[in-house]
Amino acid sequence: MWLNPRSESSFEVLWDHSMCADNVKGTEVRELMGKAFRGPLVPLQQQQVLAELEGDAKLVYHCGLTPKRLPDLVENNPVIAIEVLLKLMSSSQLTDYFSVLVNMDISLHSMEVVNRLTTAVDLPTEFVHLYISNCISSCENIKDRYMQNRLVRLVCVFLQSLIRNKIINVQDLFIEVQAFCIEFSHIREAAGLFRLLKTLE
């Protein structure tokens with residue numbers, strides 16, 4: 001609010017309507033992010049969050065995301081998780097976010113997030129290798145046969161994508177990935193990954 005005196009006896013009040021606009025947007029995004037941690041957002045809400053994050057580079061630091069909340073965002077709204085992580089690439093907390101991502105339960109959504117990140121930016125090699133090792137050990141440790149077969153298929157498709165897009169140097173992980181393929185050779189995708197490895201030897 002401004003006071004604009006025209007004379008000593010009269011004052012005209014002028015409102016600056018833009019003063020709190022950013023706070024309103026920030027509050028809306030924080031509220032939507034709060035929902036995004038608890039469950040999937042509807043497409044319109046998702047687009048609103050993405051548009052606001054795109055419009056204000058600093059908003060990502062004030063939207064309520066912490067490394068501890070990242071797994072919930074990845075599982076419920078992977079598209080938002082990808083965009084938020086891309087915006088955090090220059091953050092001093094990036095290592096904390098990567099650490100959480102590497103150590104969270106392996107799922108279709110976590111693989112989707114890592115796969116999209118690897119195609120968008122150069123991720124640290126040790127992060128990608130650690131994530132792959134976690135994928136492989138998750139497959140080996142699942143007791144439920146159906147869930148194990150499903151996860152093995154997902155991991156094989158994920159690894160083929162990384163190899164074909166030259167994200168990883170397969171020689172760095174050759175022994176581990178080859179052993180994985182042999183262990184699950186009864187699954188078609190694992191056999192396909194094994195054939196791909198053989199062409200790269």
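**Figure 1. Overview of the predicted model.** Of the 201 residues of the protein, 41% count as buried, and the structure shown here is a predicted model. The protein contains 10 helices and two strands, and reading from the N terminus on, the order of these elements is β-β-α-α-α-α-α-α-α-α-α-α. Among the contacts in the protein with a separation of 6 or more, 67% are accounted for by residues 24 or more positions apart.

**Figure 2. Close-up of the largest nonpolar core and of Leu65, one of its residues with the most contacts.** In soluble globular proteins, nonpolar side chains tend to be buried together. In this model the largest nonpolar core has 62 residues, and those with the most contacts inside it are Met33, Leu65, Leu101, Ile132, Phe180 and Leu193. The largest share of this core, eight residues, is supplied by H8. When neighbours within four places in sequence are left aside, Leu65 is in contact with Met33, Phe37, Leu70, Leu73, Val84, Leu88 and Tyr97.

**Figure 3. Close-up of the packing of helix H8 against helix H9.** Two packed helices are described by the angle between their axes and the distance between the axes. For helix H8 (residues 145-164) and helix H9 (residues 170-183), the angle is about 160° and the axes lie 13 Å apart. An angle over 145 degrees counts as roughly antiparallel, and therefore H8 is described as roughly antiparallel to H9. The crossing in which H8 passes H9 is left-handed. On the H8 side the contact is made by Val152, Val155, Cys156, Leu159 and Ile163, and on the H9 side by Val170, Val177 and Phe180. Sorted by class, this contact of H8 with H9 has eight nonpolar residues, with no polar and no charged ones.

**Figure 4. Close-up of helix H2 beside helix H4.** The axes of helix H2 (residues 43-55) and H4 come within 10 Å and cross at roughly 10°. Because angles under 35 degrees count as roughly parallel, H2 is described as roughly parallel to H4. Gln46, Val49, Leu50, Leu53 and Glu54 in H2 meet Val79, Ile80, Glu83, Val84 and Lys87 in H4. By class, the contact of H2 with H4 is made up of six nonpolar, one polar and three charged residues.

Figure 5. Not counting residues up to four places away in sequence, Asn77 touches Ala36, Gly39, Pro40, Leu41 and Gln46. Gln46 is also one of the residues with which H2 meets H4.

Figure 6. Leaving out residues up to four places away in sequence, His129 touches Asp172 and Leu173. Although His129 and Asp172 are 43 residues apart along the chain, their C-alpha atoms are separated by 8.5 Å. Gly192 and Gln160 are 32 residues apart in sequence, while from C-alpha to C-alpha they are 8.8 Å apart in space.

Note on methods:
Residues are numbered from 1 along each chain as its sequence is written. This is a predicted model: local features need pLDDT of at least 70, side-chain atom pairs count only at pLDDT 80 or more; totals for chains, interfaces and linings use all residues. Side-chain values use heavy atoms; hydrogens and water are left out. Axes are lines fitted to C-alpha atoms, for helices over the stretch in contact, and angles run from 0 to 180 degrees between N-to-C directions. Helices (H or I, at least four residues) and strands (E, at least two) are DSSP runs, numbered from the N terminus. Angles under 35 degrees count as roughly parallel, over 145 as roughly antiparallel, 65 to 115 as roughly perpendicular and the rest as oblique. A crossing is left-handed if the near helix is turned anticlockwise from the far one by less than a right angle, and right-handed if clockwise. Contact means heavy atoms within 4.5 Å. Ala, Val, Leu, Ile, Met, Phe, Trp, Tyr, Cys and Pro count as nonpolar, Asp, Glu, Lys and Arg as charged, and the others, Gly among them, as polar. A nonpolar core is a set of buried Ala, Val, Leu, Ile, Met, Phe, Trp, Tyr and Cys residues joined through side-chain atoms within 4.5 Å. Buried means under 20% relative accessible area, exposed over 50%, partly exposed in between (1.4 Å probe, protein chains only).
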